Amino acid sequence: KCKSLRGNTCCQIFATDFHYVRAYPMKSRKEAHYTLDSLFEQVGVPRTIIPDNAKEMTQGNFLKKVRRAQCKMHPVEAYTPNANAAEDAIRELKRLFEKSMLDKNTPEILWYDCFEWCSLVRSNTALNIRSLNGQTPATKMTGDTAEIAFLAEFGWYDWVWYVTPHPKGLLERKRLGRYLGPALNVGDAMCGTI
């Protein structure tokens with residue numbers, strides 16, 4: 001109900017049955033097909049996508065992109081949302097999101113940044129799921145050992161000092177801010193959003 005600081009009104013959640021989760025922002029539900037571009041680029045093309053029965057995920061550009069990537073699509077049977085194995089991962093993601101927002105008294109306008117941070121934390125946490133065999137969901141998904149340094153340095157909405165260039169370019173100024181999670185695809189590995 002609240003538009004995010006970056007103008008997003010909703011987000012697309014991709015999840016596996018072993019709780020690998022990714023959240024992508026959208027200004028409207030019509031942008032669902034753009035989230036596929038990000039998923040395919042960052043994670044790869046899955047063998048099968050099982051969307052709920054929302055029109056933006058079963059028709060139009062979304063369906064075209066899924067077919068173009070030679071990915072199978074099996075929409076979940078109508079009126080059976082519990083048949084979708086990813087619903088458990090989304091439920092747990094929402095629990096972590098609500099707890100994080102309440103614990104730090106985060107302004108509602110930062111909801112998307114918190115959702116993205118929660119999806120990264122959830123995907124890089126060892127969970128008691130048999131199919132993971134002691135690995136994190138990110139390790140199982142990519143085959144590479146999960147790197148958590150960029151998540152472990154600061155918690156959600158922690159106070160941090162950051163350095164910003166002076167407007168006249170002479171000096172750098174140290175400022176106090178709030179940590180909103182890692183800045184993915186921007187700067188070095190430890191770069192964060194403040």
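Predicted model: local features only at pLDDT ≥ 70, side-chain atom pairs only at ≥ 80, totals over all residues.
Modeller: Local features need pLDDT of at least 70 and side-chain atom pairs count only at pLDDT 80 or more, whereas totals for chains, interfaces and linings use all residues. Residues are numbered from 1 along each chain as its sequence is written, and side-chain values use heavy atoms, with hydrogens and water left out.

Colleague: What makes R6 and D113 a salt bridge?

Modeller: The term requires a side-chain nitrogen of Lys or Arg within 4 Å of a carboxyl oxygen of Asp or Glu. The closest N and O atoms of R6 and D113 are 2.9 Å apart, so the pair meets the definition. R6 lies in the segment before strand 1 (10–15) and D113 in helix 5 (residues 111–123), 107 residues apart. Here helices (H or I, at least four residues) and strands (E, at least two) are DSSP runs, numbered from the N terminus.

Colleague: Why is D113 called buried, and what is R6 called?

Modeller: Buried means under 20% relative accessible area, exposed over 50%, and partly exposed in between (1.4 Å probe, protein chains only). D113 has 5% relative accessibility and therefore counts as buried. R6, at 45%, counts as partly exposed.

Colleague: How many salt bridges does a search of the whole structure find?

Modeller: The search finds eight. Another of these joins E56 to R29, with closest N and O atoms 2.8 Å apart. E56 lies in helix 2 (residues 55–58) and R29 in the loop between strand 2 (21–26) and helix 1 (32–42), so the pair ties together parts that are 27 residues apart in sequence.

Colleague: What makes a region a pocket, and what lines the largest one?

Modeller: On a 1 Å grid over the protein atoms alone, a pocket is an open set of points where a 1.4 Å probe fits, with protein on both sides within 12 Å along at least five of seven lines; lining residues have an atom within 4 Å of a point. The largest pocket is lined by 45 residues, and I13, F14, A15, A86 and I90 lie nearest its centre.
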